Amino acid sequence: MSIDIQTETTCSIAEAAKLFPGRPHVATVWRYVHHGVHGQRLETIKVGGKRFTSHEAIERFIERVTAAADRQEIPVRSAKQRARDIARAEAELAAAGI
């Protein structure tokens, strides 16, 4: 899965550290990006020379790491689920007049 910059709320890695439960150090978040946890890495995009992630990528990362740690099936969003989520987000934006 990759970050969709049109539908996801992006943030810098430093900002991402503040969004994680327990507020890990920025170096820990960089470790999530480069090395991962339980075989799961935090999704990022690179724009220019700067790396970004998203609020949604953080949620997916936490879900996958938790599932891997609990030896459960790692959740994967299907194309149908993704399309449904995009349609819902577009409807919310339209309702807000955006």
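This report describes the strands, helices, ring pairs and salt bridges of one predicted model.

## Sheet and helices

Strands E1, E3 and E2 make up an open sheet, in that order, with antiparallel pairing. E1 and E2 sit at the edges, each pairing on one side only. From one strand to the next the twist averages 45°. E1 and E3 (residues 50-54) run antiparallel and are joined by three bridges. In this part of the sheet, Ser-12 stands opposite Phe-52 in E3. Helix H3 lies across E1 and E3, and its direction makes an angle of about 65° with E3.

Helix H2 has a set of buried residues: Thr-28, Val-29, Tyr-32 and Val-33. These residues lie on the same side of H2, because the arc they cover around the axis is only 150°. Among the elements that cover the buried residues of H2 are H1, E3 and H3.

## Backbone turns with positive phi

Just after H2, Gly-36 has a positive phi of about 80°. Arg-23 has a value of about 45° and is placed in the loop between H1 and H2. With a relative accessibility of 55%, Arg-23 counts as exposed. His-38 has a phi of about 50° and belongs to the loop between H2 and strand E2 (45-47). His-38 is exposed as well, its relative accessible area being 52%.

## Aromatic pairs

The structure has three aromatic pairs. One of them is formed by Phe-20 and Tyr-32; this pair is tilted, with 5.3 Å centre to centre and 55° between the planes. Phe-20 comes from the loop between helix H1 (13-19) and helix H2 (26-34), while Tyr-32 is in helix H2, so that the pair links distant parts of the chain, 12 residues apart. Phe-20 counts as buried, at 6% relative accessibility. Tyr-32 also counts as buried, at 17% relative accessibility.

Tyr-32 forms an aromatic pair with Phe-61 too, again tilted, with 5.0 Å centre to centre and 35° between the planes. This pair links Tyr-32 in helix H2 to Phe-61 in helix H3 (residues 55-69), parts of the chain that are 29 residues apart. Both Tyr-32 and Phe-61 are buried. Through these ring pairs, Phe-20, Tyr-32 and Phe-61 are linked into a cluster.

## Salt bridges

There are five salt bridges in the structure.

| Salt bridge | N to O distance |
|---|---|
| Glu-8 and Arg-60 | 3.2 Å |
| Arg-64 and Glu-43 | 3.2 Å |
| Asp-85 and Arg-88 | 3.5 Å |

The salt bridge between Glu-8 and Arg-60 has its closest N and O atoms 3.2 Å apart. Glu-8 is in the segment before E1 and Arg-60 is in helix H3, so this pair ties together parts that are 52 residues apart in sequence. Glu-8 counts as buried at 9% relative accessibility, and Arg-60 counts as buried at 12%.

The side chains of Arg-64 and Glu-43 also meet in a salt bridge. Arg-64 lies in helix H3 and Glu-43 in the loop between H2 and E2, so the pair ties together parts that are 21 residues apart in sequence. Arg-64 and Glu-43 are both buried.

Asp-85 and Arg-88 form a salt bridge within one helix. These two residues are separated by about one helical turn, because they are three residues apart in helix H4 (residues 79-95). Asp-85 counts as buried, at 18% relative accessibility, whereas Arg-88 counts as partly exposed, at 48%.

Salt bridges with shared partners join Glu-8, Glu-43, Arg-60 and Arg-64 into one network.

## The start of the chain

Ser-2 belongs to the segment before strand E1 (10-12). Apart from its neighbours within four places in sequence, Ser-2 is in contact with Glu-8, Glu-43 and Arg-60. Glu-8, Glu-43 and Arg-60 belong to the salt-bridge network described above.

Notes:
Residues numbered from 1 in each chain as written. Predicted model: local features only at pLDDT ≥ 70, side-chain atom pairs only at ≥ 80, totals over all residues. Heavy atoms only, no water. Helix = DSSP H or I, 4+ residues; strand = E, 2+ residues; numbered from the N terminus. Contact = heavy atoms within 4.5 Å. Phe/Tyr/Trp six-rings, centres within 6.5 Å; stacked < 30°, edge-to-face > 60°. Buried < 20%, exposed > 50% of the residue type's maximum accessible area, 1.4 Å probe, protein only. Pairing = 2+ DSSP bridges. Axes fitted to C-alpha atoms, helices over the stretch in contact; angles between N-to-C directions. Arc of directions from axis to C-beta. Salt bridge = Lys/Arg side-chain N within 4 Å of Asp/Glu carboxyl O.
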